[in-house]
Amino acid sequence: INTESELNMPHLILSVSQQLASHKTALLNAAHQVMLDSVLTVNQDIKSRVSVLDDFIVGDHCDEAFVHAEVRLLRKPERTNEAQKILADAIVAALHASLPKLAVPAQLSCEMVVMNTDTYGKQRIDNH
């Protein structure tokens with residue numbers, strides 16, 4: 001049984017195109033910091049990760065790089081569309097600020113995914 005204190009579990013999942021692989025740690029740290037600073041999340045519960053994608057296509061097979069952030073949040077009253085949009089825009093801004101001048105164009109995006117609290121499972125195992 002989940003208690004209210006357990007029902008936070010935000011996830012930040014970054015997908016980074018191969019051209020930006022050398023920047024993956026800086027991108028992850030920048031986006032994670034936004035999550036830490038957000039009033040919508042509980043710090044100890046934030047799980048952030050990054051994957052570099054070797055195989056992808058952007059548009060008409062162009063060379064464009066990308067970083068896509070997916071933020072998964074459990075449905076809660078304070079997580080309004082407006083609040084989620086503020087968080088998404090802050091993540092995109094942080095991603096942009098963490099990138100140096102690039103040799104190729106890049107797309108930065110953030111998608112908010114609201115998870116169903118009634119069907120979410122979680123268990124915390126503390127040291128025994």
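Which strands does helix 2 (residues 81-98) lie across? I opened the predicted model and looked: helix 2 lies across strand 1, strand 3 and strand 4. I noted its direction too, at about 150 degrees to strand 4.

Next I checked helix 1, residues 24-37. Helix 1 lies across strand 1, strand 2 and strand 3 (65-74), and I get about 155 degrees between helix 1 and strand 1.

I find four strands in an open sheet, ordered 2-1-3-4, with mixed pairing. Strand 2 (47-53) and strand 4 (106-115) are the edges; each has a single partner strand, so one side of each has no neighbour in the sheet. From one strand to the next, the twist averages 15 degrees.

I zoomed in on strand 1, residues 11-17. Strand 1 pairs with strand 2 in the parallel sense, over seven bridges. To get my bearings there I picked Leu12, which stands opposite Ser48 in strand 2.

Last, I looked up ring pairs. The count comes to one aromatic pair. The ring centres of Phe56 and Phe66 are 5.2 Å apart and the planes sit at 85 degrees; that is over 60, so I log the pair as edge-to-face. This pair links distant parts of the chain, 10 residues apart: Phe56 is in the loop between strand 2 and strand 3, and Phe66 is in strand 3.

Buried or exposed, I wondered about Phe66? I get 15% relative accessibility for Phe66, so I put it down as buried. Phe56 comes out at 28%, so it goes in my notes as partly exposed.

How values were computed
Residues are numbered from 1 along each chain as its sequence is written. This is a predicted model: local features need pLDDT of at least 70, side-chain atom pairs count only at pLDDT 80 or more; totals for chains, interfaces and linings use all residues. Side-chain values use heavy atoms; hydrogens and water are left out. Two strands pair if DSSP finds at least two bridges between them. Helices (H or I, at least four residues) and strands (E, at least two) are DSSP runs, numbered from the N terminus. Axes are lines fitted to C-alpha atoms, for helices over the stretch in contact, and angles run from 0 to 180 degrees between N-to-C directions. Contact means heavy atoms within 4.5 Å. Rings of Phe, Tyr and Trp (its six-membered ring) pair if their centres lie within 6.5 Å; planes under 30 degrees apart count as stacked, over 60 as edge-to-face and the rest as tilted. Buried means under 20% relative accessible area, exposed over 50%, partly exposed in between (1.4 Å probe, protein chains only).
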